[in-house]
Amino acid sequence: TIFSAPVRACLLLVVVSVWVQQVDGVWPLPQQLDQSADRNSLSPQRFSFTYGRDSAAQTGCSVLDAAFKRYFSIIFPDFTKGSVSVKTRGCDGYPDEDSDESYNLSVSEGQAVLRSVTVWGALRGLESFSQLVYQDDYGSYFINKTEIVDFPRFAFRGLLLDTSRHYLPLHAILKTLDAMAYSKFNVFHWHIVDDPSFPYQSRTFPDLSNKGAFHPFTHVYTQSDVMRVIEHARMRGIRVIPEFDSPGHTQSWGKGQPNLLTPCYKGDVPSGSFGPVDPTVDTTYKFMESLLKEVKFVFPDSYVHLGGDEVSFACWQSNPNVRTFMEKMGFGKDFTKLESFYMERTSIVWQDVFDYHERIPQDTVLEIWKGETYQAELSRMTKAGHRVLLSAPWYINHISYGQDWRNSYAVQPQNFSGVWSKQKKLVIGGEVAMWGEYVDATNLNPRLWPRACAAAERLWSDEEKTLNADLAFPRLEKFRCELLRRGIQAEPLFVGHCKHEYDGL
Amino acid sequence: MYCLLKCAPLILAVAVCHGWLFGDFVRKQELNEISLWPIPQKFQSSAVAFKLSPASFQIVHAKQSSAGPSCSILENAFRRYFEYVFGDLKSRKKVYDSDLVELQVWITSADPECDGYPSLQTDESYELSVDEPSAVLKAANAWGALRGLETFSQLVYEDDYGANNINKTEISDFPRFAHRGILLDSSRHFLPLKVILANLEAMAMNKFNVFHWHIVDDQSFPYMSRTFPDLSQKGAYHPFTHVYTPSDVKMVIEFARMRGIRVIPEFDTPGHTRSWGNGIKDLLTPCYSGSSPSGTFGPVNPILNSSYDFMTEFFKEISTVFPDAYIHLGGDEVDFSCWKSNPDIQKFMVQQGFGTDYSKLESFYVQRLLDIVAATKKGYMVWQEVFDNGVKLKDDTVVEVWMGNKMEEELQNVTGAGFTTILSAPWYLDYISYGQDWQRYYKVEPLNFPGTDAQKKLVIGGEACLWGEYVDATNLTPRLWPRASAVAERLWSDKSVTDVGNAYNRLAQHRCRMVKRGIPAEPLFVGHCRQEYMGL
C-alpha cells in the first residue's frame, strides 16, 4: 500500500487532463465556442453573480434575481459574482416569438462577463455558464477560459405534453419545465384537453372539468395551477402555448357542454354516440367564443394552438343536419370562423387544416405531424407562404429498443426542396411531442430525457457543426449525468455510470 | 364524529332505497372481483360484502397454527399487509364498525419454516375463506401464507365513502410453475440498493418467487468479494459508491426471504468477464494480433490451473454468502476469436486433440467449473449453450432457454435429455416497443412444444429478464411493471386463463394498486388511477 499511493496520484492527474479536454461539453452546442486549457478556480464563498454597471436590468429584476439563485445552487450544489449585463429591461414581461435569446459569454481570469440584449438571453447564457463549471476529484470548482457567442438557430423550440390521455400532476409539469430550460427549449405546448379527459378548470364553463375530467377535484388544473405553470415557465424564459383542439378530439368536452358535439346517426336515428363539434349550430360558436376569450385572458402568450387534426368525417356525414349545412355553406368555413375569435392572436393548427382546407389566414402557423412525407409537406406549406413548425420526426412517445435519440438528431428541418431561401426561413422551429397514451407521472421523465435533448440541439445549434451523432454522444452522455445531478430522472443512453446516480425510484 | 357514525347507516339506507347507490355498489363489486392478479386457481365470491375497520380489524395467528409471534416472516407480513389494506395513517382515522374482525392465519404443518429460506420444492399453496366474523387463511407453511396474504389484500376495496370492504369469498390457490423469476442486471448499470428492494416488493405483489441477480458482467463488477476485494475495487464503476457490500447483499437476501423470494446470483463465465480481469491478474486470455499480444483480453483463460484455483476459492465464498441451493453459472455467448488468436491456446487445443472445435475447449472449461461448484454442494443453473455444447451436467441442473429462435425445439431437446428447464426467451423485457407489448408476453404458453407429459413436467417455470444496457435506476421500475405482471400471471395461474380483455381490466387496476403502494408502474393505456404516482 505504501507504493500504491503515488501511482494513484499519477492516475488522477491523467484523469484530470482528460477531463479538461472535455469541458467544452455544453448542450446544445453554442454557435461559437473558443476555449483554452487555462482554467480558473471558482470558490463558492467568493463567487457571485452581479448586474453589470451598464446593465438595464438591475437588482429587482424578478427573472434574473431568481435565476442567479437557481444557478448558484446548480453550480455549487453543496452550498446555497461574475457580472451580468442586460441591454433592455423587460424583467416583468413574457418571452415571445421575437425575443432575442442571444448572449455573449466571456470567462477570463478573475471574472466572467455575460452580455445579452434581453433577460431571456441572459437566462440562456447562465445555463451555458453553469455547464462550463466542473469539479475536480478533490471537490474544487473550475471553469476554463472561454469565449462564447451564441444565439438560437430557430426561434421556436417546443415540447408538447399531453395532460388528457393521462393526468400529469403539477409537479411533473414543473419538473419538465426545469429540464426544458437546461436544454434551452423555449415553448411549452400544453395539449391540455382531448377526448379522454378535460382537466382544465374553466371559470366560464366549470362543468367542462366537473364532468369531463377523470376526477373533478384530484385530476384537474385549477386557475391557480395554470398561473403557477405560466410563472414557472416565464422565470425560465419559456412560453406556454395551450392547445384547445377542435373540432375533433373533443369527446370529453361533450360531457359538460350539452349539444356541443354532433350526434351521430345510424340510418335515420341518432345512435347515441357523438362525433366532432357540431359546426351547424350557432350555440357552438357562441360557446367557442366565450371559451377562447377566457383562454386568451388566462394564457398571456400571443399564440394559441387550435388543433384541427384527425377530424373523423363519418359522424358528420351520418348526420342529416350537417349534410344540409354543408351544401348550404360550402366546406372549410369552420376554421376561418374559429380563428376570427382570435383577431389579435396568432394561431397554430395541425397540418390537416392546410391539407383539407383551401383558405387559411396567411399568418397562421402550420404544424407538421405526419411522419412519412414531412419534407414534401414542408415544401408545399412554405411555398404557400406559411410559417411552419416541424414535429413529425420528433414524436418521442414512440419508443423502440436502443439509441433512438440518433434518429431525432439526424433530422434536418430545412432540408427540403424549396426554391427560395425565403421558404427555408418560414420554418420557424419545431417541437418534441410526448403524447400521453402510454405515459403518466410514473414514466414521463425518463422517457423524455435525454431523448428530447437531441431535438433541442438540432433546434438551437449550427447544423454543420452538429450532424455527427458519434461526436455528440460523449457530450450528451455527460449532459445526462448533469441532468441526474440536477434531479432530473434522465435515462441512460447506453451502458455506463454517472458519478451521481439517480436517487429516487 | 358521533353523529357521523349514527347517521352514516341512515344515509346509506336512504340511498339504497333510491336505487342509485345500489347500482353503483354492484358495479364496484364486479370491478373488485376482477382485480385479483395473478388470478387464483379456484375462486368463488358472493355479493355479500363485509366492512373492515382499521380500528378493530386484526391479522392474527390462528390458535391451531404451528406459527406464533416468534415467526418474524409472518409478523412482518402482517404489518406490511395491514398497511397495504388500510393505507396511510391519515385514512386510518376513519371509524366505523367492522363486520370482519380478524384474519386468522393458520399454518398447518409442524414446521412453519419461519427461519428457513424458500426453495424450488417449497409448497406455496394456500386456502382463504372470508366470512363473518373471521377470515381464515390456511397454508402448510409461512411461504404459502405470504401468497395468501397478498391475495387477501387484493380482495379489499374501498367504497365511495372511504370504507374498506371485502366480499364473502372462498379461494383455493397454488402456483402452476415453481420457478417464477425476474432477472435484473446490475453490471451494465449499477442499481442502487433501494431500487432492488423496491422491485422485490413489487415481485411479491405479483407472486414472483425468484430474484435472478445478474450481478456482474463485462462492464462492471459491483459484488464486493471478501476473498478477492480487488474484483470490485478495480472492476466496479466506482470502488465505493457503485458496489454491493457484504451487508448490502445480506440485506437483499433477507428482504427477499421475508417475501418468500429466492435470490439466485449469476456469476457468468467464461465469457462476459471483462470486469473480472481488472482485479485478477492472468485470469483472462490475452488476445493476440499476429504474433504479439494486442493488449486486449478475451474470456477466462481455460488452460491455466490458476484460473481453476481462483474459481475454487471464489465459488467457495459465493456458496456461503448466498443461501439458495442454486447458483447460476452463465456460460452464454462465449466469443472464440480471442482464444483462436492466442498461440498458447492453439498449442493446448492440439495437445487435447480438440482440433479447431473451440466449443470443445469451452466445454472443457465449463466441465471443470461445474465440478468445482458441485463440490460446494450447490446445484447450478446454466444458459442453454452449455447444454447445446454437450457438457456433462448434473441431474438437477436447470437449463435456461433464452434464444428466441427455435425455442420449441430447444425445450424439446433439453427436456428430452431429462433436464429441468426454465423459459426466458419470450420474456426479454428490455426490448421495448410502442404500445401494449404486455399482451405478447401474456399470450405465451410455455408448454406449447412437442413432447411427452413427462417432458412437460420438466418445465419448472420461467423468468422475465430486464437486461441493463438501457436501464438504470431512472427507468427500471416503470419499464418492468406492469409488463412483468403479464409473465407473473402466466406462470402462476391456470393454463386456461388466457382472456386478454379480462386480463386488461384486472391488470389496469393491479397497476393502480402498485402505484398506490408506491411502485411507479407505468400505464397500460389511456386512463387514470384514483391515486396517481406522487414520487419524482
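A salt bridge is taken here as a side-chain nitrogen of Lys or Arg within 4 Å of a carboxyl oxygen of Asp or Glu. By this rule, 4 salt bridges cross the interface of chain A and chain B. The model is predicted, so local features need pLDDT of at least 70 and side-chain atom pairs count only at pLDDT 80 or more, while totals for chains, interfaces and linings use all residues. Residues are numbered from 1 along each chain as its sequence is written, chains are lettered from A and ligands numbered from 1 in the order in which they are written, and side-chain values use heavy atoms, with hydrogens and water left out.

The interface comes first. With contact meaning heavy atoms within 4.5 Å, chain A brings 44 residues and chain B brings 45 residues. The buried area, defined as the accessible area (1.4 Å probe) that two parts lose on being put together, summed over both, is about 4,000 Å² between chain A and chain B. Carbon and sulfur atoms give 62% of that area. Tyr401(A), Tyr438(A) and Leu505(A) supply 22% of what chain A buries against chain B, more than any other three residues.

The interface also has 24 residue pairs in polar contact, both residues at pLDDT 80 or more. A polar contact is a pair of N or O atoms within 3.5 Å; within protein, one must be able to donate a hydrogen and the other to accept it, and residues adjacent in sequence count only if both atoms are side-chain atoms. On the side of chain A that touches chain B, helix H4 (170-182), helix H16 (444-448) and helix H18 (469-485) each supply at least two residues. Helices (H or I, at least four residues) and strands (E, at least two) are DSSP runs, numbered from the N terminus. The residues on this side of chain A divide into 19 nonpolar, 15 polar and 10 charged. In this count Ala, Val, Leu, Ile, Met, Phe, Trp, Tyr, Cys and Pro are nonpolar, Asp, Glu, Lys and Arg are charged, and the others, Gly among them, are polar.

Two salt bridges between the chains can be looked at one by one. In one, the side chains of Arg511(B) and Asp440(A) meet at 2.8 Å, N to O. In another, Glu491(A) pairs with Arg479(B), the closest N and O atoms being 3.1 Å apart. This pair runs from the segment after H18 of chain A to helix H17 (residues 476-480) of chain B. Buried means under 20% relative accessible area, exposed over 50%, and partly exposed in between (1.4 Å probe, protein chains only). Glu491(A), at 10%, is therefore buried, and Arg479(B), at 12%, is buried as well.

Over all chains the structure holds 43 salt bridges. Asp54(A) and Arg115(A) form one of them, with the closest N and O atoms 3.2 Å apart; Arg115(A) is partly exposed at 43%. In chain B, the side chains of Lys234(B) and Asp230(B) meet at 3.7 Å, N to O. These two residues are 4 residues apart in helix H6 (residues 230-235) of chain B, so about one helical turn separates them. Lys234(B) is partly exposed at 48%, and Asp230(B) is partly exposed at 33%. Glu127(A), Glu482(A), Arg485(A) and Arg486(A) are linked in a network of salt bridges.

Chain B also contains paired strands, where pairing requires that DSSP finds at least two bridges. Strand E2 (residues 58-61) and strand E3 (residues 102-107) of chain B pair in the parallel sense over 4 bridges, with Gln58(B) partnered by Glu102(B). E3(B) also runs parallel to strand E5 (residues 134-139) of chain B, joined by 6 bridges, and here Val105(B) has Leu137(B) as its bridge partner. Helix H18 (residues 483-492) of chain B is largely enclosed by the rest of the structure, because 10 of its 10 residues are buried.

The backbone has some details worth noting. The peptide bond from Trp449(A) to Pro450(A) is cis, with omega near 5 degrees, and Pro450(A) is in the loop between H16 and helix H17 (451-460) of chain A. Trp37(B) to Pro38(B) is also a cis peptide bond, with omega near -10 degrees. Lys406(B) has a positive phi of about 55 degrees although it is not a glycine, and at 58% Lys406(B) is exposed.
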